[in-house]
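Q: I have just opened this one and would like a walk through it. Could you take my questions as they come?

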Amino acid sequence: MSKPLRHVVIVGGGSAGWITAGSIAAMHNSASNDGVQVTLIESPDVNIIGVGEGTWPTMRTTLQKMGISETQFMRECDVSFKQGAKFAKWVTGDEDDFYYHPLVLPEGYFELDLYKYWQQDNRGKSFSDAVCFQEQLCEKGLAPKLITSPEYAAVANYAYHLDAGKFADFLKRHCINKLGVHYISAHVDGVNSIDTGDIASVITREHGDIGGDLFVDCTGFSALLIGKHYNVPFISKKDTLFIDTALAVQIPYEEGDNDIASHTISTAQDSGWIWDIGLPSRRGVGHVYSSAHTDQASAEQALKAYLHQSIGDKSNELNFRKIDINPGVREKFWVNNCVAVGMAAGFLEPLEASALVMIELAATTISEQLPANRQTMDIVAKQYNQRFNYNWDRIIDFLKLHYIASKREDTAFWRDNRDPKTIPQSLQDLMTLWQHRPPIEYDFSHKREVFSAASYQYVLYGMDFNFTNPSVIRNENETKFAQRLFKENDKKTEQYLKALPSNRELIDKVVEFGFSKV
Amino acid sequence: MNINLEKVSSQKHHQLKVATDGRHQNNASIHLCHLALQEISAAAAYYPIFLLKDSDTGQFQPVALFGLDIDENIYQQANLWNKCYQPLKLTTQPFFLVNNEAAPELAINVSDPRVQNDVGEPLFEASNATVYLKQQAASLSDLTQGFVLNNVFINELSKYDLIEPVELDIAFADGQQRQLDGLYTVNREMLEHVDALTQQQFEKSGYVKIIADMLGSANHVKVLIDLKNQLNKN
Ligand SMILES: Cc1cc2nc3c(=O)[nH]c(=O)nc-3n(C[C@H](O)[C@H](O)[C@H](O)COP(=O)(O)OP(=O)(O)OC[C@H]3O[C@@H](n4cnc5c(N)ncnc54)[C@H](O)[C@@H]3O)c2cc1C
């Protein structure tokens, strides 16, 4: 009989490392003597990437499962609420061009598809505004819940904006102090393997060899185990998603500017786009662009021009941190007794904040499927690779959708993005289908899809994508039902606009009083 | 209710009186009242006691329910009000403590209809505070201390995850139904699982009795329903 899996060794202490460690340790009771042992090794010489401030609502479940108090998390990681993304200038590039991708599903989503009813009579409202109250909350800077709402409970579905450095540090303390994760500060230099190709132990500079049954590669761009050791090919996605460089900066709030946006703002540029994320103490802003379409000086200029609108001439004095990103994905993620999570597994531009959500998905899957012994590991690995190849492909499709639904003709970046050669076949097929009907759940029918059909609807119809053939409405009862749903949304919008505090007000109260658990 | 607070002063208020016969007191539209920790047991003999979140801070506070609807005082409507325990929060009115730099100071709401120059308890006699005024001041300081004790109590309950929401589904004789939410109480089962040392501490601080009285007081909800059924019949 194969020996049972007792010890998981994680290399890397960024968000990927700590989320994986925390998820496994919480589920497999690492704090007790008979639980699975989890060790995390982090290099004292290599810094974490320290960006990545936008999450998905899944983060609420992820934190809750690790036994983290939402109040404490918000207080210690400079957290604000995120209720979706506002995409400005993505469709036509005009000054007043924007649409929302909110986190609340369209009204009556599982009962009736409102798209065609909205198409027939949109009452002067955008799709997201007609079917979802959240756009208005964001436009007014309101919070997604009340101070009387319990921890993690929502009035309007929400995610977080957070300080990535503080977050990794917070998770580290929680994992060590509460969940029984062993922490070793050491630089990994190499690997000891056995004949089967399995890793027996990693060789550290400071603490000798550290053995284990399963090794998780969370070493970020260096991809120490999956890349350097196992040489699993890295499949570039640059032909589809052109963005390969980031310029990032942190901006303090101006005197008297007290509002915190409760959504990520993404503003399209000539050869990329700018993210703008509001934390309680500062904003995090960055320009990601395609180096094939513009140069660093022009990209800096564009970022300064963007910042000039809010901070004036101070934008001229800023220093930007340049980060090279190589869009792409490993051919597989799990080989032998090693699985890669986070940027070691792959990285795509941060357009829909998909990196952390993929880390959570990976951590959950590994914890849930944790092989009982070496014998079952290959089966688990095979399934895992299939699943995550599928997940990465769906994310690529969804990110690319934002570019191909654009009508911008002004620069080569936007025109090149719509060249069919750059569009995955899977997405081309879906686009053909969607000329005749809206995206539906059937199109994404796996369990735990990263993005649901609702997300595709918000983006497609936010970007003014029309059916070739107007849809036919046959059923009078359904029309009445649709009218009821639109009214229901109007009613909720009105109620919530009155009842919810501003984002800043609620965040201040969380710091002062905290949410209660119930 | 209009609130117009003035710092109590023997010069300015030497003629003021507070009517205490209940005539000018408008309790008919009060459906709940905050309680201080030390009065929970006394109040529990008459009213259902629950925990409620303060809408401004989200913090739990113990409250006595007087009605099953906003602005409804069933005890008052059934002419039982004067026979029931009167919470400090109500009896201390129209007096309040206001924070003034170092120490809290006694203030009076001069817009309260009970405050006038003709009938009731005077505040001062020959510019000395009357027994009545001294008593009110003492009650207010009890109330303030009680609210501090409340916070300690609530923090302990939260620490051991002992607070749980209650859903009250109420059906009246005439077929009407209501659901009261936003109310919380202590989870009896979880309480039994608290470690022995904490149990002992709860016993010593009087929490065990307070919790038992609070849990027992939930029976008064039925009394309120019965009273309301009778009132509706008449
Ligand atoms: C510009 C930009 C914007 C982004 N925005 C978002 C966003 O909005 N939302 C989102 O979800 N994601 C975003 N991301 C992605 C997100 O930042 C990352 O996915 C996330 O931080 C996970 O990183 P990681 O843990 O895989 O790697 P890292 O943070 O790089 O951590 C690597 C770890 O490995 C350790 N290590 C490396 N080599 C060794 C060695 N030899 N021995 C021992 N330890 C070693 C390091 O010490 C470090 O602890 C963004 C990324 C970029 C570049």
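This is a predicted model: local features need pLDDT of at least 70, side-chain atom pairs count only at pLDDT 80 or more; totals for chains, interfaces and linings use all residues.

Q: Okay, how many helices and strands does chain A have?
A: Chain A has 16 helices and 21 strands. Its radius of gyration is 23 Å, close to the 24 Å that the globule rule gives for 518 residues, so chain A is as compact as a globular protein of that length.

Q: And what box do the C-alpha atoms of chain A fill?
A: Taken along the principal axes, the box filled by the C-alpha atoms of chain A is roughly 65 × 55 × 50 Å.

Q: How much of chain A is buried?
A: Of the 518 residues in chain A, 58% are buried. As for how the chain folds back on itself, among contacts between residues at least 6 apart in sequence, 76% join residues at least 24 apart.

Q: Switching to charges, how many salt bridges are there over all chains?
A: The structure holds 38 salt bridges over all chains. One of them pairs A:Arg282 with A:Glu53, where the closest N and O atoms are 2.9 Å apart.

Q: Which parts of chain A does that pair tie together?
A: A:Arg282 lies in strand 16 (residues 282-289), while A:Glu53 lies in the loop between strand 2 (37-42) and helix 2 (58-65), so the pair ties together parts that are 229 residues apart in sequence.

Q: Are those two buried or exposed?
A: A:Arg282 counts as buried, because its relative accessibility of 8% is under the 20% cut-off. A:Glu53 is buried as well, with a relative accessible area of 9%.

Q: What about A:Lys314, which side chain does it meet in a salt bridge?
A: The side chain of A:Lys314 meets that of A:Glu254, at 2.9 Å from N to O. A:Lys314 lies in the loop between helix 9 (296-311) and strand 17 (321-324), and A:Glu254 in the loop between strand 13 (245-252) and strand 14 (264-268), so this pair ties together parts that are 60 residues apart in sequence. A:Lys314 counts as partly exposed at 45% relative accessibility, and A:Glu254 is partly exposed at 24%.

Q: Where does A:Lys421 stand, buried or exposed?
A: A:Lys421 counts as exposed, at 74% relative accessibility. The side chain of A:Lys421 meets that of A:Asp419 in a salt bridge of 3.4 Å, N to O, and A:Asp419 counts as partly exposed at 26%.

Q: Which residues are linked in a network of salt bridges?
A: A:Asp45, A:Asp189 and A:Arg205 are linked in such a network.

Q: New topic: how much area do chain A and chain B bury between them?
A: The two chains bury about 820 Å² between them, with 53% of it on carbon and sulfur atoms. On the side of chain A, the residues that lose the most area to chain B are A:Thr148, A:Phe513 and A:Val518, which together account for 56% of what that side buries. The contact takes 10 residues from chain A and 13 residues from chain B.

Q: And how many salt bridges cross that interface?
A: The rule finds 2 salt bridges across the interface of chain A and chain B. A:Lys509 forms a salt bridge with B:Asp56, the closest N and O atoms being 3.0 Å apart. Across the interface there are also 5 residue pairs in polar contact. By class, the side of chain A that touches chain B has 4 nonpolar, 4 polar and 2 charged residues.

Note on methods:
Residues are numbered from 1 along each chain as its sequence is written. Chains are lettered from A and ligands numbered from 1 in the order in which they are written. Side-chain values use heavy atoms; hydrogens and water are left out. Contact means heavy atoms within 4.5 Å. Buried area is the accessible area (1.4 Å probe) that two parts lose on being put together, summed over both. A salt bridge is a side-chain nitrogen of Lys or Arg within 4 Å of a carboxyl oxygen of Asp or Glu. A polar contact is a pair of N or O atoms within 3.5 Å; within protein, one must be able to donate a hydrogen and the other to accept it, and residues adjacent in sequence count only if both atoms are side-chain atoms. Ala, Val, Leu, Ile, Met, Phe, Trp, Tyr, Cys and Pro count as nonpolar, Asp, Glu, Lys and Arg as charged, and the others, Gly among them, as polar. Helices (H or I, at least four residues) and strands (E, at least two) are DSSP runs, numbered from the N terminus. The radius of gyration is taken over C-alpha atoms; the globule rule is 2.2 Å times the number of residues to the power 0.38. Buried means under 20% relative accessible area, exposed over 50%, partly exposed in between (1.4 Å probe, protein chains only).
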